[in-house]
Amino acid sequence: MPPSCGDSLVLGIETSCDETAAAVVRGGREIVSNVVATQEEIHAQFGGIVPEVASRRHAELITVIVAQALDRAGIHWPELDMLAVTRGPGLVGSLLVGVSAAKGYALATGLPLVGVNHIAAHITSSFLLAAGDHERAPLDFPAMALVASGGHSDLALVDGLGRYRLVGFTRDDAPGEALDKAARLLGLGYPGGPAIEREAAQGDPQAVDLPRPDTKQGFEFSFAGLKTALARLVEPAGLEGCGYRVADLAAAFQGAVMDCLVREAIEAATHFRARQIVVAGGVAANLTLREQMTAAARREGLTAYFPPRELCTDNAAMVAAAGHFRAAIHGPDDLSMEVDSALQLPA
Ligand SMILES: Nc1ncnc2c1ncn2[C@@H]1O[C@H](COP(=O)(O)OP(=O)(O)OP(=O)(O)O)[C@@H](O)[C@H]1O
Ligand SMILES: [Mg+2]
């Protein structure tokens with residue numbers, strides 16, 4: 001697909017974790033359809049994602065979800081210009097289902113296929129036009145992107161859509177992972193991010209003193225110590241006997257995670273003279289993060305953009321869009337393209 005194909009229609013497929021998703025996107029920025037089947041309820045009973053269960057469910061659903069995405073878009077296969085699929089990072093068994101399906105569709109239809117980095121896809125979600133009054137990020141570069149999700153805490157300098165440089169990451173846990181672990185400690189269930197956010201709304205973040213870990217190494221994050229600090233407060237006497245309200249613990253933990261994310265993202269944005277900040281990934285759905293990042297960016301004369309909340313967690317619209325921009329620079333992949341569970345930007 002040549003870069004000039006501005007209005008090309010791309011079918012995106014996403015199966016990197018526990019969402020089976022397919023979407024049609026026009027011109028890399030306009031969502032035509034977006035179907036997501038989440039496995040949240042299945043994994044909630046185990047308190048976290050069971051990889052084998054996730055990949056089996058993807059295999060059951062993938063053709064149904066792709067058919068729904070085309071149907072809702074009112075598009076037939078011959079009208080598409082390209083297929084895009086997440087090839088990493090993620091759970092290898094889950095990735096294999098999406099990539100194998102996409103290769104099958106490419107063989108059957110003759111459509112070009114592009115393999116997409118899931119983190120590049122999250123970054124792209126801020127630039128998508130979705131329904132509602134959401135304001136998408138303008139094409140103003142360089143931008144500083146923060147992807148805060150279940151598996152990542154990446155800072156990437158965006159030189160243009162499809163051009164990313166990784167400038168920061170986490171040394172240990174990702175923020176979503178830290179929130180999920182904290183929610184388990186606080187008996188709040190899975191997924192932990194939304195559960196902590198709900199509980200924190202009734203709490204006082206100042207009522208509990210938690211650290212703001214700073215690695216002092218470039219723009220690196222570290223959240224493991226924060227989780228340990230929370231465990232030290234609640235584990236010896238148990239939740240009932242620890243002397244703190246669960247709502248206050250949730251508010252304090254959420255506040256500490258968001259403070260660290262805001263601090264590093266703002267420092268990186270000013271260091272690299274970014275013209276705007278885009279925040280994506282499941283944790284970007286968090287309203288405290290949205291408010292704090294927006295205010296901190298404004299103090300630096302910058303604007304922070306967030307995707308609408310439903311595009312923060314995994315979806316295939318962002319994959320279709322990322323595939324559009326990747327193919328415009330690198331061209332499509334051939335069918336020997338493989339999954340890479342540890343794929344890193346800029347690949
Ligand atoms: N409102 C919220 N507040 C805070 N965290 C949230 C919220 N909603 C979802 N999350 C967190 O987002 C994470 C899921 O995000 P996402 O789907 O982007 O991650 P992932 O796809 O599992 O990981 P990755 O994208 O790194 O591969 C979970 O850890 C969840 O707790
Ligand atoms: Mg994700």
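**Ground rules**

I am working with a predicted model, where local features need pLDDT of at least 70, side-chain atom pairs count only at pLDDT 80 or more, and totals for chains, interfaces and linings use all residues. Residues are numbered from 1 along each chain as its sequence is written, chains are lettered from A and ligands numbered from 1 in the order in which they are written, and side-chain values use heavy atoms, with hydrogens and water left out.

**Entry: the metal site**

I looked up the magnesium ion (ligand 2). H118 (NE2), H122 (NE2) and D314 (OD) coordinate the ion at 2.0 to 2.2 Å. I noted what counts as a donor: an N, O or S atom within 2.8 Å of the metal (3.2 Å for Na, K and Ca). Water is not among the atoms, so sites may look incomplete. The donor spacing in sequence reads H-x3-H-x191-D. H122 sits in helix α4 (residues 118–124), and D314 sits in the loop between β10 (304–305) and α11 (317–330). The two are 192 residues apart, so this pair links distant parts of the chain. I took helices (H or I, at least four residues) and strands (E, at least two) as DSSP runs, numbered from the N terminus.

Are H122 and D314 buried or exposed? H122 is buried, at 2% relative accessible area. D314 is also buried, at 12%. My cut-offs: buried is under 20% relative accessible area, exposed is over 50%, and partly exposed is in between (1.4 Å probe, protein chains only).

**Entry: α2 against α3**

I turned to helix α2 (residues 51–73) and helix α3 (residues 92–109). They pack at an angle of about 30°, with axes 8 Å apart. Axes here are lines fitted to C-alpha atoms, for helices over the stretch in contact, and angles run from 0 to 180 degrees between N-to-C directions. Therefore α2 and α3 are roughly parallel. I wrote down the angle classes: under 35 degrees is roughly parallel, over 145 roughly antiparallel, 65 to 115 roughly perpendicular, and the rest oblique.

The crossing of α2 past α3 is right-handed. A crossing is left-handed if the near helix is turned anticlockwise from the far one by less than a right angle, and right-handed if clockwise.

Which residues of α2 and α3 meet? On the α2 side I listed A54, S55, H58, A59, I62, T63 and V66; on the α3 side, G93, S94, V97, A101 and Y105. By class, this contact has seven nonpolar, five polar and no charged residues. Contact means heavy atoms within 4.5 Å. Ala, Val, Leu, Ile, Met, Phe, Trp, Tyr, Cys and Pro count as nonpolar, Asp, Glu, Lys and Arg as charged, and the others, Gly among them, as polar.

**Entry: α5 and its surroundings**

I checked helix α5 (residues 175–185) next. Its buried residues are P175, G176, A178, L179, D180, A182 and A183. They pack against β6 (143–148), β7 (153–160), α6 (192–200), α7 (224–234) and α9 (246–271). After α5 comes G187, with a positive phi near 65°.

The axes of α5 and α6 come within 7 Å and cross at roughly 60°. These helices are therefore oblique to each other. Their crossing is left-handed. L179, D180, A182 and A183 of α5 make the contact with G192, G193 and I196 of α6. I sorted the residues of this contact as four nonpolar, two polar and one charged.

**Entry: α7 against α9**

How do α7 and α9 pack? Their angle is about 165°, and their axes are 11 Å apart. They are therefore roughly antiparallel. α7 passes α9 in a right-handed crossing. L226, K227, L230, L233 and V234 in α7 meet L249, F253, A256 and V257 in α9. This contact has eight nonpolar, no polar and one charged residues.

A21 lies in strand β2 (residues 19–26). This residue is buried, at 0% relative accessibility. Leaving aside neighbours within four places in sequence, A21 touches G12, I13, E14, V35, V36, I65, N315 and A316.

S126 is in the loop between α4 and β6. S126 is buried too, with a relative accessible area of 0%. Beyond four places in sequence, its contacts include H134, R136, V278 and F306.

S336 lies in the segment after α11. At 53% relative accessibility, S336 is exposed.
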